[in-house]
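Work through the exercises below with the sequence and the model side by side. Try each task before you read its solution.

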Amino acid sequence: TLKVMPTIHTISAIVLLYVVAAADFVASFQITTTRSSYNIQLRWASAVNEAMHSSSEEETDDAKPIQLPAFSPVSWLRQEAWASMSRHEKETFLEHITSGNFQSDRQDVHERYYATPARFSQDDIDFGNGVDRVVLGRGPRRVLILSGIHGNEPCGVEAVKMILQKRKLFSGNNANVTSEELSKEENWIDKLEMLFDSLTIEFMLGNPAALRQNRRFIQRNLNRLFDINTLCDSDLADQEGYRYELHRARLITESIRHADFVLDIHSCSSDVGSFALPSSLDLSELLAEHLPVKYVIESLVHACLDGGTTLDAALWNDVPGVCVECGQHTHKDVVSRAAAVISSFLRLQVLQEDGAFATPSSQSLVKPITMVCTNVERVSTGFQWLKKFPEFHFVAEEEPVFRDAERGVVKCPVEGGAFIVMPTAQPVMGEEALFWASAK
């Protein structure tokens, strides 16, 4: 009798096929996500790890390639984004997941306030002081309003507080709305509850710990963490000590991923009126033109040197979004501008029957000036302004602007000249010194 002994190669191939089949089956049916604690529990982790990282010398070139999940494995990444990733990107992504890199300690727990219309009319909502997320309404259209992404920019948080306390929308409809106008009760006209049937409104505070300390961030600039590689890399976050901001970025990304439109409220170091920075989606640019702002700067939010802004996350999730800079951090009117922008944004989101933005006929806005960001300058060693440039100052081509140790005197590089946007008052090495923009 001839006994045929299976070779080591044959056994390895059979085992690998079983591992792959088990991984694919479990990945399809046993992914569980606990959103409240944001622990992504992937039961197929060990199987995928073994299949992906097998370094057996017996593995043959004819082995079946690893089957990747057909659907996005995490709640904050849309299916369209997952489908657009290359095989290598997906494998890298899964490697982070299966190493436990989506576990979060949630050391900074805040209450989530979900309000029915009846509860909303009775409760006082202390947004920003223990409550970092408020969800109102139950309409089919979901909008997300972010504030406090940088802790030293509290204008959006204060504006949201005021809107929630008043339970009304502010009627200010111009880019130069004042704090005196904000203080008049007759200028708070539309009840917030009127939006509840049409919208689900989520107000979210970006960086609560930084807000409490009035710091831009605790460990790392939160508005540079919104890209797939950074969101996945817990090991690097632990090494460099920015686990807290990474956790906040993941929570915010999940909310962005489920929104139909995003508004992100900021302030800046320059003394200037409100200006809007839409994402590159057409709907973003269209809505920005209807907000109470002086300028609309296209392409700027995607020109940041290190990328990873909230609107970058919105873009790769195919969600329209607009960031609005409401003026100088400490300006007396910065909160009123933020309240006017938020109120106008919410009114616009109640769409007309044809799907167009519902621009109120009584709202006579002066159309903002639209520009396009062309490039950006980085703060390098020895950076120094040659003179003080106000926001949106026009600089002629080849006009000297600043100097640094690497390039010496730096001149305006844009043919025909350009406008200076967001010139930094407090230069930080490696960050943006200014953006160049041209009239559209």
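**Exercise 1: an aromatic pair**

Phe 383 and Phe 402 are both buried, meaning under 20% relative accessible area with a 1.4 Å probe and protein chains only. The model is predicted, with local features needing pLDDT of at least 70, side-chain atom pairs counting only at pLDDT 80 or more, and totals for chains, interfaces and linings using all residues. Residues are numbered from 1 along each chain as its sequence is written, and side-chain values use heavy atoms, with hydrogens and water left out.

Task: classify the ring pair of Phe 383 and Phe 402.

Solution.
- Step 1. Apply the rule: rings of Phe, Tyr and Trp (its six-membered ring) pair if their centres lie within 6.5 Å; planes under 30 degrees apart are stacked, over 60 edge-to-face, the rest tilted.
- Step 2. The centres of Phe 383 and Phe 402 are 4.9 Å apart and the planes stand at 40°, so the pair is tilted.
- Step 3. Phe 383 sits in the loop between strands S13 and S14, and Phe 402 in strand S16, so the pair ties together parts 19 residues apart in sequence. Helices (H or I, at least four residues) and strands (E, at least two) are DSSP runs, numbered from the N terminus.
- Step 4. Widen the view: ring pairs link Phe 383, Trp 385, Phe 389 and Phe 402 into a cluster.

**Exercise 2: a second pair**

Task: count the aromatic pairs in the structure, then classify Phe 261 and Phe 345.

Solution.
- Step 1. The structure has ten aromatic pairs.
- Step 2. The ring centres of Phe 261 and Phe 345 are 5.8 Å apart with planes at 70°, so this pair is edge-to-face.
- Step 3. Phe 261 belongs to strand S9 and Phe 345 to helix H14, so the contact ties together parts 84 residues apart in sequence.
- Step 4. Phe 261 and Phe 345 are buried.

**Exercise 3: helix H11**

Task: check the span of H11 (residues 243-257) and state how many of its residues are buried.

Solution.
- Step 1. The expected span is 1.5 Å times one less than the number of residues.
- Step 2. With 15 residues, H11 should span 21 Å; its end C-alpha atoms are 21 Å apart, which agrees.
- Step 3. In H11, 14 of the 15 residues are buried, so the helix is largely enclosed by the rest of the structure.

**Exercise 4: strand pairing**

Task: which strands pair with S18 (residues 418-421)?

Solution.
- Step 1. Two strands pair if DSSP finds at least two bridges between them.
- Step 2. S15 (residues 393-395) pairs with S18, antiparallel, over three bridges. Here His 393 has Ile 420 as its bridge partner.
- Step 3. S19 (residues 432-439) also runs antiparallel to S18, joined by three bridges. Phe 419 stands opposite Ala 437.

Definitions and conventions
Buried < 20%, exposed > 50% of the residue type's maximum accessible area, 1.4 Å probe, protein only.
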